[in-house]
Amino acid sequence: MVVRVCIALSSSVSSYTFGDRRLIQLVILLAFIIVPATLHAQDNFFSKWEARTTATQSRQPAWTPPLATTFVGLIQVYRTDFVRQTSPALATTWNYDSSKGLNLIPWANTEIDINLPPYFQHSSPATLNGAGDMSFLVKYRILTGNAENGNYIWSIGLPITIPTGSHKNGSTNASIAPTMGFSKGYGHFDLQTTLGATLPTGNTVKLGRPIAWNTTAQYRLGKYFWPELESNTTYFHGGPNDGKSQEFLTPGLLLGKFSLRPRDPKSRLGLGFGAGEQIATSKFHTFNHGLIFTGRLLF
């Protein structure tokens, strides 16, 4: 049933206006604040889900998801990002939402993400604004140990993208991107790395099969501060950039989790924020000085 609803949404969401998408996201956000709060004290579906999620996450280290690198662990969050990229010709593009959305932990060791299409706003009058592609992610945590039991995570994921974009703001074909991630912690310091390849279902001569390798180094300062440095690298195979590679170093700072119910130590509701900048370090790069802003509701 959920799959049918998601497919129906993906087939029509590209026709929504920018305001419509923001309204949909607001409704989802309010639902996940109000509904669990109303039913928190009852022994029902939501309280059982909450207990199961807490038990699942207690088995892994309590790190925060990086800005750009896909989080290796399991996270239950509603997240939206805002990204500004500047091309070599100094044209700017704002990416509202940046393919983020609702991440759920429906059962042990598994995460399912449902991401609404981003919205692209271009400074160049020759490029039309519009929606990007809708995407999903299924992630499975293979092995893990919390801070007292090895401090590591090993997981695999399968992002799926559906071509719902408008005015050439999305891909021409659907794609899958098998990804593997590993992370290891040393006290307050942790390293997270992921490696994946995007495999289009067609038109590979134009789209290619890029390989993405991202690595994040984080350090926890106090209770709320997470300074980090990411390396975001893409190797292009096929397509117009065949044989080239680009790399960005992304310094950033993440803040949180700030509890929304500080008097309830068992409450999962909290907020997180962050910002960073992607700085090109390779001779070839499709953009530079990409600013990233993130907001997260954890539950």
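**Talking through a pocket and some rings**

Colleague: How much space lies in the second largest pocket?

Modeller: About 910 Å³ lies in the second largest pocket. Bear in mind that this is a predicted model.

Colleague: How do you know where empty space is left?

Modeller: You roll a probe the size of a water molecule over the atoms, and that shows where space is empty.

Colleague: Which residues lie nearest the centre of the second largest pocket?

Modeller: Gln57, Ala62, Lys257, Arg268 and Leu298 do, out of 35 lining residues. Two or more lining residues come from each of α3 (45-57), β15 (245-259), β16 (270-280) and β17 (288-298). The biggest share is from β15, which gives 6 residues.

Colleague: What makes up the lining of the second largest pocket by class?

Modeller: You'll find 19 nonpolar, 10 polar and 6 charged residues there.

Colleague: On to the rings. How many aromatic pairs does the structure hold?

Modeller: There are 7 aromatic pairs. Take Phe45 and Phe46: their rings are 5.5 Å apart centre to centre, with 85° between the planes.

Colleague: Why does Phe45 count as exposed?

Modeller: Exposed means over 50% relative accessible area, and Phe45 has 52%, so it counts as exposed. Phe46 is at 34%, so it counts as partly exposed.

Colleague: What about Phe82 and Tyr96, what kind of aromatic pair do they form?

Modeller: That one is edge-to-face too, at 6.2 Å centre to centre and 75° between the planes. Phe82 sits in strand β1 (residues 77-86) and Tyr96 in strand β2 (residues 92-97), 14 residues apart, so the pair links distant parts of the chain.

Colleague: Is Tyr96 buried or exposed?

Modeller: The cut-off for buried is under 20%; Tyr96 has 16% relative accessibility, so it counts as buried. Phe82 has a relative accessible area of 30%, so that residue is partly exposed.

Colleague: Which residues do ring pairs link into a cluster?

Modeller: Phe45, Phe46 and Trp49. Arg52 lies over the face of Trp49, 5.3 Å from the ring centre.

Colleague: How do you know that the charged end of Lys184 sits over the ring of Tyr186?

Modeller: One test is a distance within 6 Å of the ring centre. The charged end of Lys184 is 4.6 Å from the centre of the Tyr186 ring, so that test is passed.

Definitions and conventions:
Residues numbered from 1 in each chain as written. Predicted model: local features only at pLDDT ≥ 70, side-chain atom pairs only at ≥ 80, totals over all residues. Heavy atoms only, no water. 1 Å grid on protein atoms, 1.4 Å probe; cavity = no way out; pocket = protein on both sides within 12 Å on 5 of 7 lines; lining within 4 Å. Points joined across faces, edges and corners; volume = space filled by probe spheres on them. Helix = DSSP H or I, 4+ residues; strand = E, 2+ residues; numbered from the N terminus. Nonpolar A, V, L, I, M, F, W, Y, C, P; charged D, E, K, R; others polar. Phe/Tyr/Trp six-rings, centres within 6.5 Å; stacked < 30°, edge-to-face > 60°. Buried < 20%, exposed > 50% of the residue type's maximum accessible area, 1.4 Å probe, protein only. Lys NZ or Arg CZ within 6 Å of the ring centre and 35° of its normal.
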